[in-house]
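Welcome! Please take a look at it first, and then read on.

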Amino acid sequence: MIRFILADLRRLWAGAVVVVLLVALATALGVTVTLQERALRLGSARAADKFDLVIGAAGSETQLVLSSIFLQPAPLPLMPGEVLAKLSKDPRVTWVAPVGFGDSFAGYPLVGTTRALIGSTVSGFAAGRMFEREGEAVIGAAVNLSVGAEIKPMHGTAQMGGETHAGVVYHVTGKLPPTGTPWDRAILVPIQAVWHVHGLGHDHEHEEEEHHEGEALQVTQAAAADEHGHTPLEATREHAGDLRHEGEAAEAGGHDEHADEDHDHHGTIDADASIDENFAADAPGLPAVLVKPKTIADAYKLRQEYRNGNTLAVFPGEVLTSLYATLGDARMVLSAVAAGSQGLVAAALVLVTVTHIGQRRRQIGALRAFGAPRLSVFAIVWLELFLLVAVGIGLGFLTGLAAARLIADAFTVRSGIILPVGFTGEDWRMALILLGAAAVLSAVPAILAYRQSPAAALRA
Amino acid sequence: MLSLHIDNLAKSFPGLGSPVLLVDFLAIAAGERVAVTGGSGSGKSTFINVVTGLERPTSGKVVWSGEDVTRFSETARDRWRAEHVGLVMQDFHLFPGLSAVENVLLPARLARVADAALTARAHDLLKSVGLYRPDQKIETMSRGEMQRVAIARAVLRKPGVIVADEPTASLDLEAGEVVGRLLLDIAGETGSTLIVVSHDQRLIGRLDRRLTLGAGRIVADGRGEEVAA
């Protein structure tokens, strides 16, 4: 029987290939949507796994998490530096780390942070060591640089056409092992260096900063998105710098306060300066701090405490859950589209096979006439169509997996988030359901063949 | 070999005023070689379909060696036909993509009776009909060769009756001659009753008896006995 079916399929190979491809494409569409959506959930959840609590200035919760954990370049308002100082001394906190960003190098974001964050979230180094000086940097596993490489940061990103910070050079001292998070694509530098590059937090300017920082932090988002094309953080900091320089200009008397507005307000770093990670209340403004509470109870207390008018505390998980709900809605729409296409393909297949059975009436009649049992005729027709659909479903699952992996790889290259694409029990259940549907679908022409009178079929 | 007795047979189709086949009585002895002739629409194909159990008559009996096949269910008729009837048709009804021997064995395989002995017999039969390449694909054969494969298939399970419907109609003179001779020889060797529907006078002339159908009735019998409709 199998030989007969294979011979028949070989004879009708073009039609068979079309049927297989149609089924494969319809299946692959659904499989890709399912795998990709699940991988995105898992990947993003894993990426946020190590960060328990994020605190930033009042604003969008989603944006706060996307920028501080997923390192998406987007405007964030600043919160006072005293929040960091207060959290550093809070007994409920295991560690707290500021994050400052806005600069990039060769397409990789520069993130200002502390050794505490790196040491607490990553186990060891793939190469080299932690940064110990202001001019040193540690790179993520996916950053295509080596230990010893020089980094000359630029404002914003290359796409935004930012300018390079003159005279600022970091040296790579260490490379981290892969984490499967956006931090793999990050260049981590001391937060102190980020502040200094942007003219904030210099010891000799403490008084000026104390005087003007409050004003700088009042800079609105609209003002932050300034005419220089800087990110709001940079713009905010630059405006803070402007204010400071204005103060200096006033003291100097008669100095043209606009002459050096564009460039001179950028600070520089002392590459050999040691790093001070004891943050005082006069620390510069910050877009976000990442907090590791000691207990779950502490986490909830801190979240509650810092959800006031000026600051916003969120668990990354809660933001992701709401994002997943949106993702789930999108998935439902896409799945409905995929199911619709599968339904159309199924209907087309029934139509094609019923027509095909009509054309093969004489052959089926002859088989019966020569003594083939009715059940054999049923089995031949059923198995032939079921084989095609089953191969199509199998091919569709493989194609869907390949497509999801390609998309995931492209996403990982862009974001650093590793998306774990793979089949689970749910997928195998879906495969069984599809095969069951194929079995039922294949029975339609088989029943027609079974019920066909051999004499009538031979007369056709 | 099987004998046939038909009693009060009628076959009607919906929408037609009178039966397309009406046979009050017909007896064919076991081993007899009978030609069935008649013009187009005379009821030859219906006659073949009814006596082979492909179609159930509207009324009457078709008794093969004591078994009334009209009483059988469709499945039982399939099984009986597979076991007792060897069919040869004008259009061969061979299956492309399969070899000669695979075609011979296909019905037996589908009925799950193709053992080693039957496979060996299939090869022998192909040789006996003059085909020495059992693995040759059907679609590469001439029409005469195809009909010889069809004959080998028909007699594989040593049927009690061989029914051939216009076996030489689509063949040239020479191939038709070969096929006609083969049918008679093989029926003789297996002792099968032979019923041949044909317009081929040379083939008809070699058979023992000639039944002529007209308007669904047997209007003449080769032995001179006119059968009343």
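In this predicted model, strands β7 (residues 161-165) and β8 (residues 193-197) of chain B run parallel and are joined by 5 bridges. Within this pair, D165(B) has V197(B) as its bridge partner. To get from β7(B) to β8(B), the chain passes through helix α6 (residues 173-190) of chain B, making a right-handed β-α-β crossover. Strand β3 (residues 33-38) of chain B is also parallel to β8(B), with 4 bridges between them, and here A35(B) is the bridge partner of V196(B).

How many residues of β8(B) are buried? The count is 5 of 5, so the strand is largely enclosed by the rest of the structure. T193(B), I195(B) and V197(B) point one way, while L194(B) and V196(B) point the other way. In a regular strand, side chains alternate between the two faces of the sheet.

Chain B also has an open sheet of 4 strands, ordered β2-β1-β4-β5, with antiparallel pairing. Its edge strands, each pairing on one side only, are β2 (21-28) and β5 (67-68) of chain B. Helix α1 (residues 44-51) of chain B packs on this sheet, where it touches β1, β2 and β4 of chain B.

Here are the strand pairs side by side:

| Strand pair | Bridges | Direction |
|---|---|---|
| β7(B) and β8(B) | 5 bridges | parallel |
| β3(B) and β8(B) | 4 bridges | parallel |
| β1(B) and β4(B) | 5 bridges | antiparallel |

Finally, the largest nonpolar core has 176 residues, and I187(A), V289(A) and I151(B) have the most contacts inside it. Helix α2 (residues 13-48) of chain A gives the largest share, 15 residues.

Technical notes: Residues numbered from 1 in each chain as written. Chains lettered and ligands numbered in written order. Predicted model: local features only at pLDDT ≥ 70, side-chain atom pairs only at ≥ 80, totals over all residues. Pairing = 2+ DSSP bridges. Helix = DSSP H or I, 4+ residues; strand = E, 2+ residues; numbered from the N terminus. Contact = placed C-beta atoms within 7 Å. Axes fitted to C-alpha atoms, helices over the stretch in contact; angles between N-to-C directions. Core = buried A, V, L, I, M, F, W, Y, C linked by C-beta atoms within 7 Å. Buried ≥ 20, exposed ≤ 12 C-beta atoms within 10 Å, placed from the backbone. Right-handed = clockwise from strand over helix to strand, strands pointing away.
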